[in-house]
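Thank you for giving me a few minutes this morning. Please have a look at the model on the screen, and then I will walk you through some of its side chains.

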Amino acid sequence: EDVDLHFFSVTHSFRDLLYFRQGVALYDRRQEQRKMQIANLMTRTTAGDIILSRSANHTIQREDGVVAQGDIALKLKLFESNRWLASAHETLVGYEYLEADVSNQRWPATIGPLNVFAPDYNQVVTERATRDQHGANSRETYGYFAHHVSKFLRDRLQLPVSWRWDDEKTRGHNLLTNGRSQTNPKSTDAPRW
């Protein structure tokens, strides 16, 4: 597995009242796997041997994308000198965004069966099939959120209110059959208090 990740973030404050944060990450991930599998079903041959069939898969998957998140926070304190009226208020508004493209390929293969009584672990692939999977998928998600909390009585009483909205779109393309699929945005709305 090879992963390249590039990350950037910035934080800035305006007079200790308003805070701004922004982060962006770009990534590229490539994973190659060669797997051998053995069946859990035993078969008895005419010679009286017990064998297990085996198979192998060679897969390559690649994913690249961008992730971004940013928010603005407002922090305000009122009546700090008064013991009973002092209060603190914080509001956070922000967003999250993800866009990713994934491609995957698979080549199945067959390996000679394994004799339980006289196993030979040095067998190699006896028949390599043509590629049976080759697809490309993309995903795009984005969300917006707002959170506010007010604190009273020296932070003994806290009143929070939150809201979040998320959306996701996906697209798929089978490069072997040229079949395509797409999902409509799945919106979710979540108020909390």
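**Salt bridges and a buried glutamine**

Let me start with Arg34, which counts as exposed at 61% relative accessibility, where exposed means over 50% relative accessible area, buried means under 20%, and partly exposed lies in between, computed with a 1.4 Å probe on protein chains only. Before I go on, please keep in mind that this is a predicted model, in which local features need pLDDT of at least 70 and side-chain atom pairs count only at pLDDT 80 or more, while totals for chains, interfaces and linings use all residues. Residues are numbered from 1 along each chain as its sequence is written, and side-chain values use heavy atoms, with hydrogens and water left out.

Arg34 forms a salt bridge with Glu32, and the closest N and O atoms of the two are 3.4 Å apart; by salt bridge I mean a side-chain nitrogen of Lys or Arg within 4 Å of a carboxyl oxygen of Asp or Glu. Glu32 also meets the side chain of Arg30 in a salt bridge, at 3.5 Å from N to O. Glu32 is partly exposed, with a relative accessibility of 36%, and Arg30 is partly exposed as well, at 35%.

How many salt bridges does the structure hold? There are ten, and among the residues linked in a network of them are Glu1, Arg29 and Glu63.

Another pair is Lys169 and Glu140, whose side chains meet in a salt bridge at 3.7 Å, N to O. Because Lys169 lies in strand β7 (residues 157-174) and Glu140 in strand β6 (residues 133-152), this pair ties together parts that are 29 residues apart in sequence; strands here are DSSP runs of E with at least two residues, numbered from the N terminus. Lys169 is partly exposed at 26%, whereas Glu140 is buried at 18%.

Which side chain does the side chain of Gln22 join in a polar contact? The partner is Tyr95, at 3.0 Å, and a polar contact is a pair of N or O atoms within 3.5 Å where, within protein, one must be able to donate a hydrogen and the other to accept it, with residues adjacent in sequence counting only if both atoms are side-chain atoms. The side chain of Gln22 also reaches the backbone oxygen of Gln69 at 3.1 Å.

How values were computed:
Helix = DSSP H or I, 4+ residues; strand = E, 2+ residues; numbered from the N terminus.
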